Structure formats: structure tokens, C-alpha cells
Amino acid sequence: MNLMCVCDWEDRDSKFVEVETIVRRQIKMSVLPSVQPFHAIAYPFEPVLTLEISRKYAEHCLVVASRFGPQSFVHPPRLPVKGEGGSGRLRVGYVSSDFGNHPLSHLMGSVFGMHNQEHIEVFCYALSQSDGSEWRQRIQSEVEHFIDVSSLSSDVIARMISEAHIQVLINLNGYTKGARNEIFAMKPAPIQVSYMGFPGTTGANYIDYLVTDEFVSPTHLSHIYSEKLVHMPHCYFVNDYKQKNQDVLEPACQPKRSDYGLPEDKFLFACFNQLYKIHPGIFITWCNILKRAPNCALWLLRFPAAGESRLQAFAAAQGVRPDQIIFTDVAAKSEHIRRSSLADVCLDTPLCNAHTTGTDVLWAGVPIITLPLEKMATRVAGSLCYATGFGEEMVMNSMQEYEEKAVSLAQNPAKCQALTAKIKSARMTCPLFDTVRWVRNLERAYFKMWNLYCTEKHPQPFKVTENDSDFPCD
């Protein structure tokens, strides 16, 4: 992974073959794979192998859970929330180490307080101490119950969740830093769900559902997931720009290219993804685009800085002029969103897409060119694009089509400006940025999960529709 982070691609294919051979052998021997699930989603592995890696890590979490001694929790009775003997409100718990200055809270900051308190009682269990950030303070003040459990052991946290009679428990970490998946392995709640933190399958038999959408996780690919798929309408990926970043829409807030040493007179492509997401195939395509449209440049981030010289050298070897690739430093969140608007088009990385970064640039009004593959992390940007209403113009079917689209937009700036204008005009009305609507649909999903549980049909895949008779949000 370290070599990927700095774009050291020497013998890349043979190294991946070697790594894959080792991982397959480890799985066969029931050894914990040396490639972690979070890294596997960005590796060129077959989706089924990625599932097998997640399964092994899920099993390991069961072992970790067993070290706390036997745990058996009594789950809430299978009664309709609003029926006789029901609790009156659905009790939903969110578990995360990322309630703070982290992309998860940048995206979900408003969600916890936006739930309809008449129908849903929300508990946030924070696995990390307060970082004092505005995001932590906001979530803490807006949500009904915020419990800092960072100093408690996992078995104690699981018992607290059980004693709070949580009916639907959401894992916002998956296999990311700070996760304590052994809590879920102890099964403190009758319905356990994976959402947002980890863009892939958990491989865990104790996680019932994955909240996703039809584009990101199509039904014909359900075999690469261990969870039952819950398809949200439009896009599964929530964001908070309408509440927190409306300043970006003010013309007075627009920065200038000269502020960042960017050329005023060139068509500017950009990719703001971390450099580990770039692989040789896509970078060669970018070089082809730069050579075919000489009056354009590519703006990348020093994310990390150590990758800059390698990418510059690789591009030069492909015949790209040095002034066509420009690196800038990573910026703070609000500045990053504002300055994204200086790009003409964002070029996505197919092996692992722009996720948060994708929503950033679309909110800034910049079109994306993306190429979905099979794994979840390769399809998120496509879903974001479709939820603006203009996905057909941004989602490509092949690398050749991707290249042609980029060249076409660079050579026909009026066509690009027309697409930009459409995206900008849709920001306040399209489903992608409608957080309130998204939260209502998530509530529909939670009530459906509980109703399936009450009728002993749990778990099963379903598609949420914005229809109150089929999917009431109460």
C-alpha cells in the first residue's frame, strides 16, 4: 500500500500477482490475510477475493469478541413500534469513531439531528474522545442521545447498547481506523447494518444489511456482498452541503486561478483523490488526453507530496509537457470545496472512485468523468453523477469512451460550460444534495427492516421507494 501511496509502479503487476497468491494461500490456511479489507477495495483484486478477505476479518472480530467471555443479549420483542406494547418510537443507534473533524461527519453532520423525533429515538455512540471540532460539538448538541464510550471496553459498550433496547444498530466504521467491530460481533441489537464508513462488504454474518443503491451495488452483483442489500432511491451517499456550504454558491466567494498558480488560459482537468487511487492505466489515459488536447493541464494534489516527482517523471516519459501537470497542497475543507470550482472537469479514478471528493466537486458545479467497474468503491462516483440528473453525460462505459469524452469537452469548451451550467442550476433541487429527503428515505429503510424482523422475514433485500403506503417513515 505504501508504494501505491507514492505512485511507485515499478513491477506493479507482478507484485500484485505475488500479493494475491500469498492472500489466497492465507485464506486457504485460515490465516488472517496480510492485506486488510480497506486496502483490498483499492487493489485490482477480483470482487469475490475481496469478499473472502472481509470474511476472514469478520471471523477475527468474532475471536476478539470471544475474549471478553460469553455474551448473550436479550433483544427487544418483535412488536410493531406503533402497535400495542410497542415502544412508540424506533430506537436507532449509530456507532462510530469519526464523530469529529473527519469526512464522515462532514457528510453526515446534520443527519443525526434531522431524524424525526416523533418516530425515531437516536443514540450516537462515540468510540473516540472529543476533538473539540465544530463537527463533534454540532452532532453532540443536535442528536437526542450522545454517549462518549471511548474509555469503555467493547463488552461494556455492547451491554449499554442492549440495555438501551436499540432495535437497529448502524456500523459507520466497517474496516476503517478506530473501528471496534467486535461490538457488532457480540450482537447487542437484533438488526445490524453497515453504512457509509466502509465502501465494501463486511463479510460478517452478524451484519444483516448494507445500505447502498441500485447503481453502486446492482442486484446482479449481490453475490459479492455478505449482507442483504438495501437500495436507497437516487443515491445512497449522503452529504451536508446544503446546510453547511451554501457560501460556495455565492459569486463573491469564488477564488481566482492565480491564487493557486493555476493557468488562466488553459482548459483545466483535475483529480483531487488521494494518489493511491491512481493506477498506471488511468494515468496513461490522462497523459493521452493531455497530448491530444495540448491547451489543457491536469491539477493534482500533493496527497501525499512524495508522489509528485514520480508522476511528473512518468508523464514526461509519456511525452507530456512539464507545464501540463500542476500540483498544489491539500487545503482545509471549506477552501477545498470553493477552489474546486476553478477546474473545468474532474477526472475520476476507476479502481477506487472519488467519494467525498466527488460530492465536493459536484457541489462546486464541476462535471466528473467516471468509469464504473464491479466493486462498490468503483461505482460510487457514477451514482453521485446520476443523482444530479445528468449522469448520462458523465458516466462512461469504457476507457476509450472516457478518453474521448475528456478530449471532446477540452476541445469544445462551450459544451463543457453547458454541462457545468446544468449541474450548477440543479444543486438546490436535485436528490443528491437534498439531505432532508435522504433522511426520510433512510427512516423508511429502518422501519422496513424492523417490520421484516417482526414478521420473521428478516433479513431480506429490498428497494426503498418514496411511497408512504409501501414504505411509511413512521
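Where is the place of Pro 459? The place of Pro 459 is in the loop between α18 (435–454) and β13 (462–463); helices (H or I, at least four residues) and strands (E, at least two) are DSSP runs, numbered from the N terminus. This is a predicted model, in which local features need pLDDT of at least 70, side-chain atom pairs count only at pLDDT 80 or more, and totals for chains, interfaces and linings use all residues. Residues are numbered from 1 along each chain as its sequence is written, and side-chain values use heavy atoms, with hydrogens and water left out.

The peptide bond leading from His 458 to Pro 459 is cis. The bond from Phe 303 to Pro 304 is also cis, and Pro 304 is found in the loop between β9 (296–301) and α12 (308–317).

| Peptide bond | Omega |
|---|---|
| Phe 303 to Pro 304 | near 15 degrees |
| His 458 to Pro 459 | near -15 degrees |

The loop between α18 and β13 also holds Glu 456, a residue other than glycine with a positive phi near 60 degrees. Glu 456 is exposed (over 50% relative accessible area), with a value of 63%.

His 234, in the loop between β7 and α10 (241–244), has a positive phi of about 65 degrees although it is not a glycine. Its relative accessible area is 38%.

Strand β7 (residues 228–232) contains His 231. His 231 counts as buried because its relative accessibility is 6%, buried meaning under 20% relative accessible area. A polar atom of the His 231 side chain lies 2.7 Å from the backbone oxygen of Ser 217. Beyond its neighbours within four places in sequence, His 231 is in contact (heavy atoms within 4.5 Å) with residues including Ser 217, Thr 219 and Phe 462.

Note on methods: Buried means under 20% relative accessible area, exposed over 50%, partly exposed in between (1.4 Å probe, protein chains only). A polar contact is a pair of N or O atoms within 3.5 Å; within protein, one must be able to donate a hydrogen and the other to accept it, and residues adjacent in sequence count only if both atoms are side-chain atoms.
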